[in-house]
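Subject: Handover of a model and notes on it

Hi,

My notes follow below it.

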Amino acid sequence: MLTTAEILKKVRRIEIKTKGLSNHIFAGEYHSAFKGRGMSFSEVREYTPGDDVKAIDWNVTARFSHPFVKVFEEERELTVMLLVDISSSSLFGVHQRSKRELITEICAVIAFSAATNNDKVGVIFFSDKVETFIPPKKGRSHILRIIRELIALEPEQTSGTNVQLALDYLNHIQKKRSITFVLSDFISGPYDQGLQLAARKHDLVGIQVYDKYDRELPSAGLVQVMDAETRQMVWLDTDDKNVRYQYSGQFEQHKKYCVQAFRKSGAALMDVRTDEDYVKVLQGFFKGR
């Protein structure tokens with residue numbers, strides 16, 4: 001378990017890295033990708049060449065005998081919800097970083113981007129149960145609290161993953177429409193029903209994180225491996241092609257279900273590998289919306 005000093009040091013490091021990304025790379029793209037609900041009246045000002053004549057306020061124009069136009073601004077006040085999988089399998093990662101570390105950085109980038117746009121951010125941490133709920137709020141100190149929890153929060157040793165339960169909890173507590181990101185490896189039981197309900201109510205985006213060795217088993221002879229969520233130990237002959245084929249097949253089954261569930265619900269889905277540059281993946285997604 002990390003000490004308080006170690007946690008604060010990590011929080012500071014992540015803040016420096018991800019706040020820079022959100023300020024210089026994602027701020028404009030986030031704003032464009034997630035617009036407010038509409039336009040609201042802001043003020044009236046004098047007409048200048050190039051203004052749309054449809055915006056002329058004829059009452060004010062008649063009163064002052066020269067043209068004035070109405071100015072509108074975007075109504076934002078958005079709420080961003082992060083559904084974060086902290087189950088035991090999220091601690092796995094062979095290349096560069098674990099899935100949990102990748103999720104932490106992506107969450108921090110999204111949270112700082114939301115804060116830059118004056119949006120509220122809330123978090124639901126889940127495993128096979130809802131571990132912690134942080135209600136949506138604004139401000140730097142709130143974002144730093146979220147990052148601290150992302151680093152320090154530990155589930156029980158044999159915790160599984162229940163995406164359906166996390167989505168049910170979101171549907172229950174978040175009455176107003178939100179932008180919701182679900183960050184998980186999605187190695188879970190069925191969650192398509194909860195996904196469809198949540199996607200009807202919220203602007204839902206799934207971010208599937210995985211490690212290269214989630215997808216393929218390297219040829220390394222006879223090895224003993226442990227299921228991160230059940231703690232069950234088994235011996236595998238990784239030189240056996242059939243064993244490696246079955247291992248890859250299980251991953252592809254989860255992947256196929258995930259893609260179909262998101263497509264059917266109408267929600268967006270992207271995937272990021274632990275050794276990939278997540279900045280490029282997020283940029284591509286934001287620009288594509």
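Start with the largest pocket: by class, its lining has 15 nonpolar, eight polar and four charged residues. Ala, Val, Leu, Ile, Met, Phe, Trp, Tyr, Cys and Pro count as nonpolar, Asp, Glu, Lys and Arg as charged, and the others, Gly among them, as polar. In total 27 residues line this pocket, and Val225, Met226, Asp227, Tyr247 and Gln250 lie nearest its centre. Its volume is about 1,000 Å³.

This is a predicted model: local features need pLDDT of at least 70, side-chain atom pairs count only at pLDDT 80 or more, and totals for chains, interfaces and linings use all residues. Residues are numbered from 1 along each chain as its sequence is written, and side-chain values use heavy atoms, with hydrogens and water left out.

Pocket and cavity

Both were found on a 1 Å grid over the protein atoms alone. A pocket is an open set of points with protein on both sides within 12 Å along at least five of seven lines. A cavity is a set of points where a 1.4 Å probe fits but cannot get out. Lining residues have an atom within 4 Å of a point. Grid points are joined across faces, edges and corners, and a volume is the space filled by probe spheres set on the points.

Which elements supply at least two residues each to the lining of the largest pocket? They are helix H7 (212-215), strand E8 (222-226), strand E9 (233-237) and H8. H8 gives the most, with seven residues. Helices (H or I, at least four residues) and strands (E, at least two) are DSSP runs, numbered from the N terminus.

The count of cavities of 30 Å³ or more comes to one. The largest cavity has a volume of about 50 Å³. Asp185, Ile187, Gln208, Val209, Tyr210, Asp214, Phe251, His254 and Lys255 line it. E7 and helix H8 (241-265) each supply at least two of the lining residues. By class, that lining has four nonpolar, two polar and three charged residues.

Strand E7

Is E7 enclosed or open? Eight of the eight residues of E7 (residues 203-210) are buried, so this strand is largely enclosed by the rest of the structure. Buried means under 20% relative accessible area, exposed over 50%, and partly exposed in between (1.4 Å probe, protein chains only).

In a regular strand the side chains alternate between the two faces of the sheet. Both faces of E7 are covered. Asp203, Val205, Ile207 and Val209 are buried on one side, and Leu204, Gly206, Gln208 and Tyr210 on the other.

E7 pairs with strand E6 (residues 179-184) in the parallel sense, over six bridges. The chain crosses from E6 through helix H6 (residues 192-201) to E7, and this β-α-β crossover is right-handed. That term applies if, with the strands pointing away from the viewer, the path from the first strand over the helix to the second runs clockwise. Ser184 has Gln208 in E7 as its bridge partner.

E7 also runs parallel to strand E10 (residues 268-273), joined by six bridges. Ile207 stands opposite Met270 in E10. Two strands pair if DSSP finds at least two bridges between them.

Single residues

- Thr79 is in strand E3 (residues 79-85). It counts as buried at 14% relative accessibility. Beyond residues up to four places away in sequence, Thr79 touches Lys120, Pro136, Gln174, Ser178 and Ile179. Contact means heavy atoms within 4.5 Å.
- Arg140 is in helix H4 (residues 140-152). It is partly exposed, at 46% relative accessible area. Leaving aside neighbours within four places in sequence, Arg140 contacts Arg12, Glu15 and Lys19.
- Ser65 has a positive phi of about 65° although it is not a glycine. It sits in the loop between helix H2 (58-64) and strand E2 (68-75), and counts as exposed at 66% relative accessibility.
- Asn118, not a glycine, has a positive phi of about 65°. Its loop lies between helix H3 (99-116) and strand E4 (120-126), and Asn118 is partly exposed at 48%.

Whole chain

The protein chain has nine helices and 10 strands. Of its 289 residues, 44% count as buried. The C-alpha trace spans about 90 × 45 × 35 Å along its principal axes.

Best wishes
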